[in-house]
Amino acid sequence: MNSIIEQFSDIYKGMPRSRKILMGVVLLLVITGFTGMFFWANKIDFQTLYTNLSPEEAAEIVDKLKEQRIPYHLAANGSAIQVPAEKMYDVRLTLAGSGIPRGGTVGFEIFEETNFGASEFVQKLNYQRALQGELARTIREFREVLDARVMIVMPKESVFVEESRSPSASVLLKLSSNFSQEKITAVVNLVSSAVEGLSPDRVTVVDTNGKVLSKGVSEDEKIGAKAGTQFDYKIAYEQNLTGRIQTMLERIVGEGKAIVRVIADMDFDQVDINEEIYDPDTQVVRSMQNVLENSDRKSAPAGSVSSVNPIVPSGVSAGTVRETSDTNQRKNETINYEISKTTRRTVKPSARIKRVSVAAVLDGNYVFETDNKGNQIRKYIARSQSELDQFAAIVKKAMGYDSDREDQVTVDSFPFSYMEDMNLAEPSGFKWKTLVKEYGKILAYTLLIILIFLFIVRPVKKTLTEIISLPEQRALPSPKSGKELPAPGVRGSLPDPEEMSTREKASLLAKQDIEKATNQIRGWLNEAT
């Protein structure tokens, strides 16, 4: 072993300086790469678990991580916690089951402990606090929102309707990046829908920089939003009708040989009509009342004898007294009639089509002709008027043509401009980040193994071969030197077979194994005889 080391040392000393420097640099690079790959492969990928934590929440989360023996890193002055990437989601689910983090706000968990001694005012106040906390937690789920606070103002209830007021709310957002208008509208609708009686125009949203993100919807903004919706509806209708007509024409004349444009004139005025129609020719008895009265009254003369006046007046006999009779009859009939009435409420749609204009351009036919020089010439042939009339009739059926609306349809034929197909090879791009992330370690290990084989294993193997063969070459004499070959049994290296003649090779083999050489010669003699 020592001799090999000495021989290797001698070979290294015999190398030129440039080769020594090159070998040292390559060896240093391979060792550095191998060391870096080793640390990279064993490095733990930490991902952010939570950010913007209060000291109390951070301490609570750290205690939970220590209980579960999960490695962690603190960042951002202790307000952010990082854990290994493969355990991040498990840790989040575990902490969420324990109600951590709470976000520094109080939610509906305030009602988990029942306090029977609390007054109605305290219960209402706790409900308002819980509602504000739950809304703040929900708004924090937006990616751009770092922190949020919600304040709700509930007016005092009044028994008088005239004095009742609507609730209002304000939202304070701490943002990490730009917050789009759609998400601001989503926050406003979220808060207004969670509070009873709260309208979106009474919700104010501001950020920590003092910028008002939303201060309610004014009448002008409502009109602008409505106009935008109407324009989108109009464009969608035109595109739908254009697609239907164009696909139908392309199935007939060929793909790319038809161009269709549609313009729809719409009336977005919403009309609400209430009508009461009376029909005097149609009468219906509503009520009828008949009253019939009969009375028959008899009366005696004033001088007649009665229990009240038993004395007969002087000069009048009792037999001459006569009684009087009074009969009365009255009939009253009352009939009430109701005139027929029709009450109608008509609400016209907000999008009424007033007129539709369709313009279609079709490509003609082409024929190839040969000129005097034998070249193929492409000649355009326009479509006939009868064909255009047929296409116009088809378009009218497809669009729902209405002459009362004064719809317009125009179909013409023109030559289209074509470009020769160009076979341009699209550059093949790679997602280098994804490739490095998924196969980076494998490629690095493969490259490292190849470098080790080329610059370490192969040179070492070659050097060892040279070290082993060097003493043998020195022990054998050169054919030109005239020295005799070593005798059998004498240790030494054989000369290079390429430098030996046939006679020297036969002599060397005979000296190494005399018995075998003798038997071979005897066989040759026996064959000759």
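Modeller: An axis here is a line fitted to C-alpha atoms, for a helix over the stretch in contact, and the angle between two axes runs from 0 to 180 degrees between N-to-C directions. Two packed helices are described by that angle and by the distance between the axes. The model is a predicted one.

The pair to look at is helix H5, residues 120-139, and helix H6, residues 181-194. Their axes are 11 Å apart, and the helices pack at an angle of about 155°. An angle over 145 degrees counts as roughly antiparallel, and H5 and H6 are therefore roughly antiparallel to each other. The crossing in which H5 passes H6 is right-handed.

On the H5 side, the contact is made by Leu131, Leu135, Thr138 and Ile139. On the H6 side, the residues are Val187, Leu190, Val191 and Ala194. Sorted by class, the contact of H5 with H6 has seven nonpolar residues, one polar residue and no charged residues.

A pair of aromatic rings is described by the distance of the centres and the angle of the planes. A search of the whole structure finds three aromatic pairs. One of them is formed by Phe142 and Phe179, with 5.7 Å centre to centre and 85° between the planes, and this pair is edge-to-face. Phe142 lies in the loop between H5 and strand S4 (145-153), while Phe179 lies in the loop between strand S5 (168-175) and H6. The pair therefore ties together parts that are 37 residues apart in sequence.

Phe179 has a relative accessible area of 10%, so Phe179 is buried. Phe142, at 22%, is partly exposed.

For a second case, take Tyr233 and Phe268. Their ring centres are 6.4 Å apart and their planes stand at 80°, so this pair is edge-to-face as well. Tyr233 lies in helix H7 (residues 219-253), and Phe268 in the loop between strand S8 (258-267) and strand S9 (272-299). This pair ties together parts that are 35 residues apart in sequence. Tyr233 is partly exposed, with a relative accessible area of 43%, whereas Phe268 is buried at 18%.

Terms used
Residues numbered from 1 in each chain as written. Predicted model: local features only at pLDDT ≥ 70, side-chain atom pairs only at ≥ 80, totals over all residues. Heavy atoms only, no water. Helix = DSSP H or I, 4+ residues; strand = E, 2+ residues; numbered from the N terminus. Parallel < 35°, antiparallel > 145°, perpendicular 65-115°, else oblique. Left-handed = near helix turned anticlockwise from the far one by under 90°. Contact = heavy atoms within 4.5 Å. Nonpolar A, V, L, I, M, F, W, Y, C, P; charged D, E, K, R; others polar. Phe/Tyr/Trp six-rings, centres within 6.5 Å; stacked < 30°, edge-to-face > 60°. Buried < 20%, exposed > 50% of the residue type's maximum accessible area, 1.4 Å probe, protein only.
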